Amino acid sequence: MANSKKPALQKQFTVLLVVIAVIGAAALGWVATRSGGGGVAVDPNLPLGTAQAFRLGNPDAPVKIVEFADFECPACGQFAMLTKPDVHERLVKTGLASVEFYVFPLPMHANTWSASNAAYCANEQGKFWEMHDRLFYTMDLWNTQATKNPDKKMKQYAAELGLDASKFDECLDSQRHYPNIKASGAEAERQGIGETPSFIIGGKKYAGSLPYDEIKRLVDEELVRLGKADTAKKGAK
Amino acid sequence: MLIAVLALVGLFVAVYLWMFKLGLIGSLSCKIGGCDKVNTSPWAMFLGQPVAFWGVLYYVGTFAAAYAATLERFAADRRAALLLVGLTGWGVLFSGYLTYLEAAVIHAWCQWCVVSAIIICIMFVLAVWEWRRAE
């Protein structure tokens with residue numbers, strides 16, 4: 001560079017680079033501390049519990065939609081808010097399909113274990129899906145960027161959903177479902193799931209969020225394969 | 001000089017994405033909503049390491065080359081300009097591949113990846129301009 005022949009300019013340029021480097025490093029440091037980083041405080045020697053599928057709909061429905069999701073994953077939240085209501089109304093309530101939901105906590109989401117634990121504890125009182133919806137709809141209020149104490153938010157949600165507070169708090173604090181959450185994640189990995197949300201419909205895996213029309217098409221295909229195409233015609237659109 | 005500045009900015013973007021992969025930050029700041037999906041997809045890994053890790057190495061190398069090219073002893077050396085054209089040209093190809101994956105395979109956009117791709121494209125244009133000027 002012609003400019004580099006001027007030592008004074010070179011010195012100023014080096015100073016400019018140092019200033020940019022300091023600002024950048026400070027910004028990254030701020031982001032790391034603000035987000036309460038450090039990962040998930042989960043015992044690596046946690047025993048493996050039982051992977052549990054949370055079902056929505058008739059267990060004898062001809063098609064099963066298996067979903068693997070992380071409560072702190074924005075794409076999963078979008079699916080829960082935008083697509084799941086249609087799946088519920090048009091496919092589950094019409095008896096065409098059932099949904100089986102597996103928790104798949106990703107390592108970069110520090111608060112997802114608290115949220116998963118809350119969902120399992122709500123399930124003890126028969127309100128898994130109510131907590132599921134509440135968690136996804138309010139993700140930005142309890143995720144890693146929002147708080148370092150997500151359990152406090154979970155207890156607030158439990159109260160708002162009408163759960164028995166003492167039982168819920170005892171369940172949440174005991175972390176007794178952590179082995180089951182770990183097992184659920186292990187089940188996802190065993191099935192070759194690499195991202196959230198992911199789905200298994202008709203025995204085939206689909207990575208990433210699916211729009212309702214695509215899910216409907218896959219369900220219809222599976223109904224045809226099962227020789228129940230008439231069921232699809234009578235069912236939802 | 002501008003290439004070195006851009007490489008430094010790109011380095012911070014890559015470090016930010018790498019910190020996410022390491023679990024040091026919970027969620028990426030993402031206005032368009034697809035960052036987590038892109039960065040947790042199978043294509044966020046390359047040769048057994050996060051793509052962001054390779055991005056950090058790439059930007060460190062490009063920054064070093066760009067800074068060296070500003071030093072007086074390399075001012076008349078066309079090889080320095082040619083090295084930058086090669087580095088940034090490779091970056092454009094790889095960024096193009098990643099952008100294709102976002103658009104056609106993952107169906108989600110990571111704004112930080114797009115920022116990185118834009119930085120690399122600008123660096124490439126500057127490097128070619130610098131190289132032609134050195135001729």
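View 1. Just after helix α8(A), Gly192(A) takes a positive phi of about 80°, where helices (H or I, at least four residues) and strands (E, at least two) are DSSP runs numbered from the N terminus. This is a predicted model, in which local features need pLDDT of at least 70 and side-chain atom pairs count only at pLDDT 80 or more, while totals for chains, interfaces and linings use all residues; side-chain values use heavy atoms, with hydrogens and water left out, residues are numbered from 1 along each chain as its sequence is written, and chains are lettered from A and ligands numbered from 1 in the order in which they are written. Helix α8(A) covers residues 178-190, and its 13 residues should span 18 Å at 1.5 Å a residue, which agrees with the 18 Å between its end C-alpha atoms; the expected span is 1.5 Å times one less than the number of residues. Among the buried residues of α8(A) are Tyr178(A), Ile181(A), Gly185(A) and Ala188(A), buried meaning under 20% relative accessible area, exposed over 50%, and partly exposed in between (1.4 Å probe, protein chains only). The cover over the buried residues of α8(A) includes β2, β3 and α3 of chain A, with contact taken as heavy atoms within 4.5 Å.

**View 2. Strand β2 of chain A and its two partner strands.** Strand β2(A), residues 63-69, is mostly covered, since 6 of its 7 residues are buried. Two strands count as paired if DSSP finds at least two bridges between them. On another, β2(A) pairs with strand β4(A), residues 198-201, in the antiparallel sense over 4 bridges, and here Phe68(A) stands opposite Ser198(A). Together with helix α2(A), residues 74-92, the strands β2(A) and β3(A) make a right-handed β-α-β unit; right-handed means that, with the strands pointing away from the viewer, the path from the first strand over the helix to the second runs clockwise.

**View 3. The disulfide of chain A, with two further cysteines.** Counting pairs of cysteine sulfur atoms within 2.5 Å, there is 1 disulfide over all chains, and it joins Cys121(A) to Cys171(A) with the sulfurs 2.0 Å apart. The pair links distant parts of the chain, 50 residues apart, Cys121(A) lying in helix α3(A) (residues 112-124) and Cys171(A) in helix α7(A) (residues 165-174). The link of Cys121(A) and Cys171(A) is left-handed, with -85° about the S-S bond. Cys121(A) counts as buried at 1% relative accessibility, and Cys171(A) is buried at 0%. Cys76(A) likewise counts as buried, at 0%, whereas Cys121(B) counts as partly exposed at 38%.

View 4. Chain B holds 5 helices and 2 strands, which run α-α-β-β-α-α-α from the N terminus on. Of its 135 residues, 48% are buried, and among contacts in chain B with a separation of 6 or more, 70% come from residues 24 or more positions apart. The pLDDT, which is the predictor's confidence in each residue from 0 to 100, averages 86 in chain B, where 94% of the residues score at least 70. Within chain B, confidence is lowest in helix α2(B), residues 35-39, at a mean of 77, and highest in helix α3(B), residues 51-70, at 92. For the complex, the predictor gives an ipTM of 0.77 and a pTM of 0.61.
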